[in-house]
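Please read it beside the sequence and the model.

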Amino acid sequence: MQEINQEKLFQEKIDRGEVIEPRDWLPEKYRKTLIRQISQHAHSEIVGMLPEGNWITRAPSLRRKVALLAKIQDEAGHGLYLYSATETLGITREELYQQLLTGKAKYSSIFNYPTLTWADIGAIGWLVDGAAIVNQVMLTRTSYGPYARAMVRICKEESFHQRQGYEILLSLCNGTEVQKQMAQDALNRWWWPSLMMFGPPDAESTHTEQSMKWKIKLKSNDELRQYFIDMTVEQARVLGITIPDPDLKWNEERGHYDFGEIDWDEFWQVVKGHGPCNKERMAARQGAWDEGAWVREAAVAYAEKQAAKNIAETV
Ligand code: BYC
């Protein structure tokens, strides 16, 4: 009875637009949904460093290398803010990491595709970070305080990432015919997977309805996907390359672009672990965990020594 009352009060608080903080009472399902979403987001940031890391040694100039290094470093930072936000919900970093390594927790489908040419680094910045911004600007107003605050800084940095990616493609598109072709090829391969980042269609989305009631999500998967498409068409026009969708057409009545059928079979295959790079990505994360064991042990030994020293000094 008391539980039902608390849930009612909680929902009223959400409806009034109040922010939920870690010490507030919250329903167990709200906590679990947040742990799932924020940790999957954190894992995505960390796994997302891998496809780009592939090009650090091959960046075409020092300027490009420095910008790419900075971007990848930012992503490690985003992972850390998000893991910290998740820890406020009563789960440890170790547990979160084990969920990733055992496949219990997902990470974004987009990072299971390979980066075959330098133009892919441009396409990731433009499309993947672009899609991430559309999704994440909304999350700066999500109902859970620590998540919302982490998103504010993340969005500022993502916006720099999106621009550096677009600028890479702009240079290629203003370059030789072969360079422009490289940019077109990257757009052809990254367009559809970028649309899949927003998640399954609303009708098939398991969590959207409840997450919107709790104001964890403020817009649905389809709404955000449509917003991204409308925004991106004009940017492709400026680049002078063609979005690989023959059905893409302005719909005057809807005030939006209509677009072609997304291959949801491909999406679910990738989500289930059968994408082009799933195994490679997980092997890289497992390797980093194993090779990092001595760092974790050293950090714990140092912390224990410091704690003992502090106690000795206070008594
Ligand atoms: N990939 O009920 P639904 C970035 C899963 S950007 C894999 O609609 P929800 C970055 C979903 O987890 C990328 N799985 O779920 C950018 C659920 O399965 P479970 C990360 C996906 O949570 C540049 C099932 O499908 N961004 O990090 O309401 C550089 C049903 O879906 C995907 C975020 O995580 C997917 N694309 O909505 C570096 C943003 N989509 O969990 C890094 C925060 C869905 O029940 N997250 N699934 O087993 C969100 O906004 C929401 O979680 C989503 C999905 C819109 C992604």
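Buried means under 20% relative accessible area, exposed over 50%, and partly exposed in between (1.4 Å probe, protein chains only). This is a predicted model, in which local features need pLDDT of at least 70 and side-chain atom pairs count only at pLDDT 80 or more, while totals for chains, interfaces and linings use all residues. Residues are numbered from 1 along each chain as its sequence is written, and side-chain values use heavy atoms, with hydrogens and water left out.

The structure holds 20 salt bridges, a salt bridge being a side-chain nitrogen of Lys or Arg within 4 Å of a carboxyl oxygen of Asp or Glu. Three of them, including the pair E21 and R149, are listed here.

| Pair | Closest N and O atoms |
|---|---|
| E21 and R149 | 2.9 Å |
| E209 and K213 | 3.9 Å |

E21 itself is partly exposed, at a relative accessible area of 26%.

E209 and K213, by contrast, are four residues apart in helix 9 (residues 208–213), and about one helical turn separates them. E209 is exposed, with a relative accessible area of 60%, and K213 is partly exposed, at 46%.

In the remaining pair of the table, D258 is partly exposed at 28% relative accessibility, and R254 is also partly exposed, with a relative accessible area of 40%. Elsewhere, salt bridges that share partners join E52, K71, E75 and D129 into one network.

Note on methods: Helix = DSSP H or I, 4+ residues; strand = E, 2+ residues; numbered from the N terminus.
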